[in-house]
Amino acid sequence: MLGTESLRENERCPGAEARLNALFTDPALSARVYGLVGSTNELLKPLARDGAPEGTLLVADRQTAGKGTRGRSFYSPKASGLYLSLLLRPRLTLAEVTLITPLAAVAVAEALSGFGIADARIKWVNDIYLHGRKVCGILAENQLGPVGEDALPTVSSVVLGIGINLVPPEGGFPEEIRAVAGTVFPDALPTPDAAERMAAAIANRFMARYRTLPNTAFLAEYRARSLLTGHDVLLMRPEGPVRVHATGIDDHAGLIVRHPDGHTETITCGDVSVRPADPVH
Ligand code: BTN
């Protein structure tokens with residue numbers, strides 16, 4: 001996909017890096033492109049600790065240990081998807097930093113629009129769906145710094161990981177995810193350089209939106225694309241699933257739900273896993 005097929009683990013591809021760097025519109029963005037890595041998020045963390053600047057972007061064609069949310073893995077086969085991690089050093093409170101994941105979801109949806117795919121939906125909080133199938137997942141991991149004036153830890157950096165399924169993998173998706181996983185381009189890439197252009201579009205869109213934080217104007221787009229709003233969902237609580245009705249997204253990107261007895265509750269990112277109760281399209 002990125003012209004990196006012959007590379008060894010953690011080996012960089014200067015040609016692909018030069019091509020990708022030429023597509024960036026935000027001056028902070030600087031890419032390192034790999035063929036094969038364990039996990040771009042894990043590869044970026046030591047660079048973050050060693051002082052790499054905001055905007056450092058790792059991109060890989062394949063991951064052997066792709067990480068998903070809640071300790072799950074993220075299937076990252078070769079020649080199929082785009083796996084990227086962006087280093088951020090936000091000057092934001094811990095509460096404001098939680099906006100980064102929904103903002104990234106909006107950036108991915110907008111990047112897809114640039115490829116003529118206007119109907120991407122966002123499944124709260126961090127998944128992108130196309131025609132009822134998940135095509136992208138987002139995993140933001142915070143590195144905490146000293147406690148700030150508000151008695152909460154500061155955030156020294158965020159590793160923002162985005163995995164996007166571009167074309168079907170050789171042999172199809174594994175059984176466990178076959179019913180849910182989908183691809184942005186079900187047949188083939190529209191152009192040979194589409195993977196690079198997609199990586200650049202996501203990074204450029206994200207940085208443009210990120211520079212407006214903690215402004216939450218992006219939530220209008222998030223709400224317009226929200227897959228769960230208006231549907232029954234299951235809150236996967238430790239004591240068992242609870243069926244509620246999703247009524248909207250609040251001003252902190254929380255999911256507002258109504259219980260059968262009529263009382264409402266706002267689910268905060270990371271609180272609880274949420275699934276559609278019935279198939280939603
Ligand atoms: C999810 O769907 O649960 C989140 C998936 C996040 C996957 C991306 S791929 C690039 C980055 N590196 C990882 O190991 N994970 C994220």
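User: How many aromatic pairs does the structure hold?

Analyst: The structure holds four aromatic pairs. Rings of Phe, Tyr and Trp (its six-membered ring) pair if their centres lie within 6.5 Å; planes under 30 degrees apart count as stacked, over 60 as edge-to-face and the rest as tilted. This is a predicted model, in which local features need pLDDT of at least 70 and side-chain atom pairs count only at pLDDT 80 or more, while totals for chains, interfaces and linings use all residues. Residues are numbered from 1 along each chain as its sequence is written, and side-chain values use heavy atoms, with hydrogens and water left out.

User: Why is the pair of Phe-74 and Tyr-83 called edge-to-face?

Analyst: The ring centres of Phe-74 and Tyr-83 are 6.4 Å apart and the planes stand at 70°, so the pair is edge-to-face.

User: What makes Phe-74 and Tyr-83 count as buried?

Analyst: Buried means under 20% relative accessible area, exposed over 50%, and partly exposed in between (1.4 Å probe, protein chains only). Phe-74 has 16% relative accessibility and therefore counts as buried. Tyr-83, at 1%, counts as buried too.

User: Which residues line the largest cavity, and what makes it a cavity?

Analyst: On a 1 Å grid over the protein atoms alone, a cavity is a set of points where a 1.4 Å probe fits but cannot get out; lining residues have an atom within 4 Å of a point. A search of the whole structure finds one cavity of 30 Å³ or more, and the volume of the largest is about 30 Å³, a volume being the space filled by probe spheres set on the points. Its lining consists of Leu-57, Leu-84, Leu-86, Ile-162, Ile-202, Ala-203 and Phe-206. Strand S3 (81-88) and helix H6 (194-210) are the elements that give two or more residues to this lining, and H6 gives the most, with three.

User: How do you know whether the lining of the largest cavity is nonpolar, polar or charged?

Analyst: Ala, Val, Leu, Ile, Met, Phe, Trp, Tyr, Cys and Pro count as nonpolar, Asp, Glu, Lys and Arg as charged, and the others, Gly among them, as polar. By that division the lining has seven nonpolar residues, no polar and no charged.

User: Why do strands S11 and S12 count as edges of their sheet?

Analyst: Strands are DSSP runs (E, at least two residues), as helices are (H or I, at least four), numbered from the N terminus; two strands pair if DSSP finds at least two bridges between them. The open sheet has five strands in the order S11-S10-S9-S8-S12, with antiparallel pairing. Strand S11 (264-267) and strand S12 (273-276) each have a single partner strand, so one side of each is left without a neighbour in the sheet.

User: Which strands are the edges of the seven-stranded sheet?

Analyst: That open sheet has the order S1-S2-S3-S7-S6-S5-S4 and mixed pairing. Strand S1 (30-37) and strand S4 (121-123) are its edge strands, since each pairs on one side only.

Note on methods: On a 1 Å grid over the protein atoms alone, a cavity is a set of points where a 1.4 Å probe fits but cannot get out, and a pocket is an open set with protein on both sides within 12 Å along at least five of seven lines; lining residues have an atom within 4 Å of a point.
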